[in-house]
Amino acid sequence: MNPSRADIEAAIRSYQDPYLKNNLLDAGCLEALNIDNGNVSASLVLGYPAKGLCQGVAQMLASKIEDVDGVASVDVSVNWQVDPAPVQGELETMAGVKNIIAVASGKGGVGKSTTAANLALALAAEGARVGILDADIYGPSMGQMFGIADGTRPDVKNEKFFVPIEARGIQVMSMAFLVTEDTPVVWRGPMVSGALIQLLTQTMWHDLDYLVIDLPPGTGDIQLTLAQKIPVSGSVVVTTPQDLALIDARKGVEMFRKVGVPVLGVVENMAVHICSNCGHTEHLFGEGGGSRIAEQFEIDLLGSLPLSMMIREQADQGAPTVVSEPESQIAMIYRDMARHMTAKLWLRHQQAPAVPSLSVVDD
């Protein structure tokens, strides 16, 4: 007896993807399904980087299909691909970059840059091609976080374009590569905005699935101008549970909404302190702040991270947690957050209206 296609599809539907929040059939991930004399082969494609998941998902689906009456053999393959999500307004996607993700915070000192670096590395760990632009022009830190030696300068092509510096598999560009460490950047807002737009557009980003932009902290004219001029697919707001940080994080969410950039979620840093000596846990900066913002604005809480000396030390040493301790619980949290935010981008790509094709006919 040959199993029915409806029964096979029902078996596929029984697996709920935690990132797409849907089954893979209704999410549009099934690429091919063949049934021949009880031999079933299925090919599925996830819309977000999932190098660490594909094999496990394939095995889970295969076991579900095997339970269907009439199935003699099963061959399931699960892969992933990245598509460009829509950007705000009339802006167009940049050449060489499928998606730009802005990482922002309403105030400084909440771990925004460390989060941006680890999210970029988490995306790369899942197989994506990733770049990071250090737009925190008054306090650029990506060079140090990625272990790039002081004084390193990007190559220049055609006397106009910068070649990003590759470090830990990431294409990195920062204003720090163009000025000396002892020369403070004393510029007014319009100069900063102009310099960053130039840095973004005159860097030869090569075939990126995602470009992570570490925005300056705050929600003033600089951040607003950048959010209006950079073709951003989505944004992430970083906060701590502290009430003062939450006030500024709300401003960050409102800023992105004002310019039509979807907020993919909130990252809560320093959520809990775990004593390295006795293991006692304590909420030094308050509790549940990220969840409250997520509920208020009906956005996702991508994840909560502990107040950890390890995260800070590894970033300072040029090897953030995702590469220093790739199997650690904290690295897994970053990878989980990366999957969540990129799955939301793919859903936006799926929901985007198709661009009508034009044909010219001579009468």
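**Exercise 1: Cysteines**

Task: work out how many disulfides there are, counting a pair of cysteine sulfur atoms within 2.5 Å as a disulfide.

Solution: by this rule, the count is zero disulfides. Remember that a disulfide is a covalent bond between the sulfur atoms of two cysteines. Now for accessibility, where under 20% relative accessible area is buried, over 50% is exposed, and in between is partly exposed (1.4 Å probe, protein chains only). C29 has 1% relative accessibility, so it is buried. C54 has 9%, so C54 is buried too.

Before going on: this is a predicted model, where local features need pLDDT of at least 70, side-chain atom pairs count only at pLDDT 80 or more, and totals for chains, interfaces and linings use all residues. Residues are numbered from 1 along each chain as its sequence is written, and side-chain values use heavy atoms, leaving out hydrogens and water.

**Exercise 2: Two helices**

Task: decide how α3 and α11 are oriented to each other.

Solution: start with α3 (residues 112-125) and α11 (residues 329-351), which pack at about 80° with axes 8 Å apart. Angles of 65 to 115 degrees count as roughly perpendicular, so α3 and α11 are roughly perpendicular. Next, the contact (heavy atoms within 4.5 Å) includes L119 and L123 of α3, and M337 and M341 of α11. Its residues divide into eight nonpolar, four polar and one charged.

**Exercise 3: Q329**

Task: is Q329 buried or exposed?

Solution: Q329 is found in helix α11. Its relative accessibility is 66%, so Q329 is exposed. Finally, its C-alpha is 9.9 Å from that of L305, 24 residues apart along the chain.

Definitions and conventions. Axes fitted to C-alpha atoms, helices over the stretch in contact; angles between N-to-C directions. Helix = DSSP H or I, 4+ residues; strand = E, 2+ residues; numbered from the N terminus. Parallel < 35°, antiparallel > 145°, perpendicular 65-115°, else oblique. Nonpolar A, V, L, I, M, F, W, Y, C, P; charged D, E, K, R; others polar.
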